[in-house]
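Please walk through this structure one part at a time.

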Amino acid sequence: MAACGLLRSLSSNFSTVLPLLARSAPLSPLQLASKPYFGRTISSSSRLSAALKFTDKHEWIRVEDGGVGTVGISSFAQEALGDVVYCGLPEVGTQLAQQDEFGALESVKAASELYSPLTGEVVEVNTLLADNPGLVNKSCYKDGWLMKMTIANPAELDALMDEAAYERYIRSIED
Amino acid sequence: HQNQASCSAVSTLTCFCFLTCSGFSTRSGLVLQSRSTDVHQNLALEDWIDANVDLQRRSVLLLWRNRPAVVIGRHQNPWAECDLKAMRRAGIALARRRSGGGTVFHDLGNLNLTFFASKKAYDRQRNLKVVTEALRRLRPELDVRATDRLDIILNGHYKISGTASRLSRQSSYHHCTLLHSADRSALSAVLRPSCPGIHSNATPSVPSPVANLIDHAPSLQWEELVEGVAEQYNKGSTDSGTVLVDPSDETLFPDVGRLEAELRGWNWTFGKTPKFSVETQLQLPEARRSGRLQVDVKNGRIDGCSIDAPADWICERLSGELSAVLVGERFCPNAAAAAVAALLRCENRRMRELCAAVLQVMG
């Protein structure tokens, strides 16, 4: 009973930063022309875009060939973290639900939890980070990637922010 | 006695209802004090508060202390940081916390402070100011200041406080120690490696000379210190006083028992250790020469093992057999001893000696 009063009400501002595209609407050539961010082909609503999608926790995911997603943290996040001194990453084979904690990055500032952007299975972890955790700061979108995972539920990807929406999100929280 | 217990439970509930009351617009704090001296219970309470309390509009300070325990940081290696054998003998607990940072020794003379806040309100220097200002008011003659590393140094020299913190979904916590009257000889006896030859990229500790506040302000009482800090934290807010809580009380903290069990478990405490290897000599007095042991440890278990004993003293096949039996076992003398039990009982005295030498390394 007392605990119910303690439970935090979920922040309601997430929904305002979701992309405006309706998920189920098929893309017509006309619609495509007015949405220059997306590198989609007309023939399919293929998600094999090299574009990054972002979570409100400042993680990005990039879908590679074969439907595997590479996950990392954004430039905003690495800057806020400060110099990363250790990357605590999951074991290959770990099953993750969207928003599950999958590890932590330790910097001088704090140990910051990492949250899975999607539901899926960890298929690869960046072993370079063991000896060179600073890659997360130096090259957060490239060499400082954290892990790769399967995408069990592609619809979850649609709900993430594209780069433009993420930029707007950052500006809104910086104020 | 019964009345007292229920009264404090009611006041606790009142305070918690306070936390979510939407009528409050001022950002006031709440000071909690744990009744428990069990390190795992207290760490579980931290986890619970972090996950369940709405910190967007108010902050919480938790004051706690533990019976003797060594607390390692999130990504540290307990074998490298502390002497597990000595701790077992002395009944000193081991805990891995969820925040980063280095290894500390806790006992009843060490006050722990955890500052809970939203991620936006995360400000460690401001938190440490609560401590330094409180100390300045209590004993103005003491020179206490926070460094860039967020230690608190007494009289320019001695570390009396270390800091660590954790950032999660919506919230943050920053906790620090404060040495009032800790047992410094116990501290130095356990804060050394369990075994030699560890190669690891786990986060290291930065050792510092420490002192207790009572070494320099002998009249400072524990209660005085606790009250002084609580008062400083509550300065300028509508709340005052501290609320005593029992971290094992599931009516106040539902599911806290599960958090405690997770923190107490082997998988978290040892299994979370970053991959490391040990390379060291094996003491074989019977052979009058030493051997070499090389072990790879992953998730706290032996992942690879190679034993190099003089071939004219014990044949390679036998030392190979011992290596093979150990792979997959926890890197722990008890677990390993159980695994090699049959070999330890075998007729070959040299095999028994080799086993004993290997177990000796594990701490």
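The model in view is a predicted one.

One residue to look at in chain B is T163(B), which sits in strand 10 (residues 163-167) of chain B. Its contacts, leaving out residues up to four places away in sequence, are R124(B), L128(B), L150(B), H174(B), H175(B) and C176(B). T163(B) and V71(B) are 92 residues apart along the chain, and their C-alpha atoms are separated by 12 Å.

In chain A, the annotated region is residues 68-150, where UniProt places the feature "domain: Lipoyl-binding", again from an unreviewed entry. Over residues 68-150 of chain A the end C-alpha atoms are 5 Å apart, with 18% of the chain in helix and 42% in strand.

Next comes the packing of helices in chain B. Two packed helices are described by the angle between their axes and the distance between the axes. Helix 2 (residues 39-52) of chain B and helix 9 (residues 256-264) of chain B cross at roughly 125 degrees, and their axes come within 8 Å. Helix 2 of chain B and helix 9 of chain B are therefore oblique to each other. The crossing of helix 2 of chain B past helix 9 of chain B is right-handed. From helix 2 of chain B, the contact is made by H40(B), Q41(B), L43(B), A44(B), L45(B), D47(B) and W48(B), and from helix 9 of chain B by V256(B), L259(B), E260(B), L263(B) and R264(B). By class, the contact of helix 2 of chain B with helix 9 of chain B has seven nonpolar, two polar and three charged residues.

How do helix 5 of chain B and helix 8 of chain B cross, and at roughly what angle? The axes of helix 5 (residues 124-138) of chain B and helix 8 (residues 222-234) of chain B cross at roughly 120 degrees and come within 9 Å. That angle makes helix 5 of chain B oblique to helix 8 of chain B, and helix 5 of chain B passes helix 8 of chain B in a right-handed crossing. On the side of helix 5 of chain B, the residues in contact are V130(B), E133(B), A134(B), L135(B), R137(B) and L138(B), and they meet E224(B), L225(B), G228(B), V229(B), E231(B), Q232(B) and Y233(B) in helix 8 of chain B. The contact of helix 5 of chain B with helix 8 of chain B divides into seven nonpolar, two polar and four charged residues.

Helix 11 (residues 316-326) of chain B packs with helix 14 (residues 349-361) of chain B at an angle of about 40 degrees, their axes being 11 Å apart. The crossing of helix 11 of chain B past helix 14 of chain B is right-handed. In this contact, L318(B), S319(B), L322(B) and L326(B) of helix 11 of chain B meet M351(B), L354(B), C355(B) and V358(B) of helix 14 of chain B. The contact of helix 11 of chain B with helix 14 of chain B holds seven nonpolar residues, one polar and no charged ones.

The last topic is confidence. For the complex, the predictor gives an ipTM of 0.85 and a pTM of 0.84. Chain B has a mean pLDDT of 90, with 91% of its residues at 70 or more. Over residues 1-10 of chain B the pLDDT stays under 50, and the model has one contact beyond four places in sequence for these residues. Residues 18-27 of chain B are also below 50, and this stretch has 21 contacts in the model beyond near neighbours in sequence.

Chain A averages a pLDDT of 78, and 71% of the residues score at least 70. Confidence in chain A is lowest in helix 1 (residues 2-6) of chain A, at a mean of 34, and highest in helix 5 (residues 135-138) of chain A, at 98. The pLDDT is below 50 over residues 1-49 of chain A, a stretch with 54 contacts in the model beyond near neighbours in sequence. Where pLDDT is low, the predicted coordinates should not be read in detail.

Technical notes
Residues numbered from 1 in each chain as written. Chains lettered and ligands numbered in written order. Predicted model: local features only at pLDDT ≥ 70, side-chain atom pairs only at ≥ 80, totals over all residues. Heavy atoms only, no water. Axes fitted to C-alpha atoms, helices over the stretch in contact; angles between N-to-C directions. Helix = DSSP H or I, 4+ residues; strand = E, 2+ residues; numbered from the N terminus. Left-handed = near helix turned anticlockwise from the far one by under 90°. Contact = heavy atoms within 4.5 Å. Nonpolar A, V, L, I, M, F, W, Y, C, P; charged D, E, K, R; others polar. pLDDT = per-residue confidence, 0-100. UniProt positions renumbered as here; feature names shortened; annotations may be inferred. Parallel < 35°, antiparallel > 145°, perpendicular 65-115°, else oblique.
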